[in-house]
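Please look through the structure shown here before reading on. The notes after it are meant to be read with the model open beside them.

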Amino acid sequence: MKIYGFRVPLMASLIVWIALWEVIGRTGAALVLPPFSSVVERMVEIVPTPTFLKALAMTGEAYLIGNLIAIGIGVPVGVLMGRSVVADRLLLPWVNIFLSAPLSALVPVIMVLFGLGMTTIVLTVVLFAVWIIVLDARAGVRGISPSLVEMARSYGATPLQAFAKIYLWAALPEILAGIRLGCIRAVKGVIIGQLLVSIVGFGHLFEIYFSNFLMEHFWALVLTLFAFAFAIAEGLGYLERRVEYYASSRQQ
Amino acid sequence: MTEVTPSLGSRKTGIRPARLQRNRLADLAIHPLTLRLATALILFSAWEYAGRLPVSPAFPGFVETMIAFADMAKDGSLLSALLITLQPLVAGLAISAVVGIGLGVAMGISRFTEWLIAPPFIVMQAAPMAALIPLLVFAYGIGLASKILTVCIMAMPVIVLNSYLAIRQTPASLIEMGRSFLGSRAQIILKIMLPSASPVIFAGLRLGAAAGFIGAILAELLITPTGIGDLITYNQSIAEYPKMYAAIFSVIALSVLFIEGLGKIEAAIFRREGRKA
Amino acid sequence: MTTARRERPAETGTPIIEVRAISKIYAGGVEALNDISLEVPRGKLTTLLGPSGCGKTTLLKIIAGLIPATSGEVLVSGRPVTGPGPDRAFVFQDFALMPWASVLRNVAFGLELRGVSRSERDEVARRHIAEVGLAGFEDRHPHELSGGMRQRVGLARALAVDADVLLMDEPFSSVDEQTRRKFQEDMLGLLSAHGKTVLFVTHSIEEAVYLSDRIVLLSRRPSRVAQVIEPEIRRGDDPEAIRRHPAYLDTVETIWQGLKRYLD
Ligand SMILES: Nc1ncnc2c1ncn2[C@@H]1O[C@H](COP(=O)(O)OP(=O)(O)O)[C@@H](O)[C@H]1O
Ligand SMILES: [Mg+2]
């Protein structure tokens, strides 16, 4: 937007919303909404506490392991689907189903099978992230130019070599796009998992704040999580744009 | 290249008819429908096998689950539970659709609205909105209102952003066409931008519905157990696992049918125009 | 000028569009046009010819009133242009057809925007659809038509609003060679029958010489008028004869020599 010819940066309007939040919070009109400034104060206070850091470490660990598993499974499966018609037709309907299925309904199953701990959270992350990674890797491989595939074959590349040296690299932009989307879904997964398990990580903190009506604490936690989520999404988006640049120069 | 020659040679040796026939059989074998049935068979057999092993006492086999499913379907408990779950879902989706498309379109046609509203929704799109559910309970209690709002906060961001981007992606030449034939701003919005954006808006609704399902179930598991959420938590608590699994199976099936249904409507609307979302 | 011209209305030849000292600098600082002045005679076909990116589309859109000039003014029938008007109709390079609307609705769209009643505008649209040779395709959608047919729809839409001036931006650039020739001939016949004034943009020398009464040669960006040429070609003859006619070939050669200077 422009005011008097000045370009006002897009995200600047967040300041307007935060100011509004502060005003409403100060009037005390909404019981559940403490002023933004006191939320930030509280944030500064609770973030360095051991409880918080422990929850953060646990969440971060589950998030990372879950994502690595999702990538480790998702990319090869996606590449396989992109290369083999049979595999594609066998798996695609299921991938599409799980891509849009209400995965929150499956978390209770994971909970009864794997208990109320780390494993469940990790598996929830995998469950949320893996499908889009598969789908995008598949799309990437399908988009590889046939001449590149023929080149690999004519030089007698084994399937494993072709996978590691050709398909993976040629489909890299799409694979990374899938990983980025998977990571965004995984953030939602890790929080949903912890909310449902509610005795580990941030889920536990939410439970404590909630039952003691600690609104400032609660908002401080929400704000921290949102900031992390946004930073992850934007950071990966930035990386992806760099790769896209490489990909477009590659196609010439 | 040298590797090409052998296959060329064999093609010349007159085994063409046999090859063709093999291909026809192979075609049948890899026909999408055959393979879809095959995967269902493989998946459900694996499920059954794992259930019989058993991998865990809390893991009933496919057959057991389906029997529980049939029982619950017969005594009507499943249907009434699904109908209860659908209430906040449909209400929440309707609100999200109206408000979300409205906001998105407003952002698409006005730079100021875009500046003001886009950033919060961009943050929400990336954020784990489920974290706000406890807050909704604080503010609106444990009733239907909180559940409807849960669906809204999950479904709205993607609907808003899709509608906004869809309007923004209206081809510039179509807008110029409208202006050059003396269309008013209202006419250009209603007759050009909205129809042009509709496939992407519709796709946003489909994604919103998927997110809304996640929200509806989460609300029933977190806030108060009702509907399918009640069937899941109750049967879990009394270790009636086949029923628990059947309830989960049914709600996933419902969501798949719901979203597939939306996709069918979408295809029917836009196919004639040669546009698919 | 030769005597065997197409038939034109009585006032043929007086300027209908006057472009006066138009300059255009885009927001990013690109200087597209630099002090352009030209006149478009009523009832004739004038071509803007110049290398890609020299500002032809920019000039045409300024005349259409779609974008403002940085300085200078455009008069149409003596009145200054402040925006789009009913006296001008645009034919777009990429057709600008609405994919969700039938051929009939696309052609009637200009009238629809003006609030003409359904039955009346459909009748007018049907007539023009038949004129451009698309009778029977009224209920089809653009994706079912070839590039050439799509542009015929674009032409019919422009004819349907009955503007005095047709502004055509490279209308044949996305049409394949075979259909282009036929289309060009059909268009010439149609336009002279309606007595329309046409301002036509192209980067094809042959197309310009074959179609135009007057060719305005633009230099490279920031473009100025380099030369105005009036090809002396007898259009009564059969099209193939025209393309072999020495005058035609000479004009093509002259323009080519003129343009070559700007290519390096
Ligand atoms: N909206 C715009 N903003 C900035 N520069 C533009 C814009 N439109 C066109 N240009 C630039 O102006 C010049 C002339 O463009 P155009 O009129 O489209 O040329 P032509 O139609 O002769 O190919 C080009 O260099 C182009 O890059
Ligand atoms: Mg152009």
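This is a predicted model: local features need pLDDT of at least 70, side-chain atom pairs count only at pLDDT 80 or more; totals for chains, interfaces and linings use all residues.

Residues are numbered from 1 along each chain as its sequence is written, chains are lettered from A and ligands numbered from 1 in the order in which they are written, and side-chain values use heavy atoms, with hydrogens and water left out.

**Chain A as a whole**

- Chain A holds eleven helices and two strands, where helices (H or I, at least four residues) and strands (E, at least two) are DSSP runs numbered from the N terminus.
- Along the sequence, the pattern of chain A reads β-β-α-α-α-α-α-α-α-α-α-α-α, and its C-alpha atoms fill a box of roughly 75 × 60 × 30 Å along the principal axes.
- Of the 252 residues in chain A, 50% are buried, a word that means under 20% relative accessible area, with exposed being over 50% and partly exposed in between (1.4 Å probe, protein chains only).
- Among the contacts in chain A with a separation of 6 or more, 74% are between residues 24 or more positions apart; contact here means heavy atoms within 4.5 Å.

**Helix pairs in chain A**

- Two packed helices are described by the angle between their axes and the distance between the axes; here the axes are lines fitted to C-alpha atoms, for helices over the stretch in contact, and the angles run from 0 to 180 degrees between N-to-C directions.
- The axes of helix H3 (residues 50-83) of chain A and helix H6 (residues 118-142) of chain A cross at roughly 30 degrees and come within 6 Å, which makes H3(A) roughly parallel to H6(A).
- Angles under 35 degrees count as roughly parallel, over 145 as roughly antiparallel, 65 to 115 as roughly perpendicular and the rest as oblique.
- Helix H8 (residues 159-170) of chain A packs against helix H9 (residues 172-197) of chain A at about 70 degrees, with the axes 5 Å apart, and the two helices are therefore roughly perpendicular to each other.
- On the side of H8(A) this contact is made by Leu168(A), Trp169(A) and Ala170(A), and on the side of H9(A) by Leu172(A), Pro173(A), Glu174(A) and Ile175(A).

**How the chains meet**

- Two pairs of chains are in contact, and of these chains A and B share the most contacts, whereas chain A and chain C do not touch, their nearest C-alpha atoms being 12 Å apart.
- In helix H9 (residues 172-180) of chain B, the buried residues include Leu174(B) and Met177(B), and what covers the buried residues of H9(B) includes helix H10 (185-222) of chain B as well as helix H1 (56-64) of chain C.

**Backbone angles in chains B and C**

- Most residues other than glycine have a negative phi, and most peptide bonds are trans.
- Leu53(B) and Pro54(B) are joined by a cis peptide bond with omega of about -15 degrees, and Pro54(B) is found in the loop between helix H3 (32-52) and helix H4 (62-74) of chain B.
- Ala96(C), which is not a glycine, has a positive phi of about 50 degrees, and Ala96(C) is buried, with a relative accessible area of 3%.
- Glu170(C) has a positive phi near 40 degrees and lies in the loop between strand S7 (165-169) and helix H5 (177-194) of chain C.
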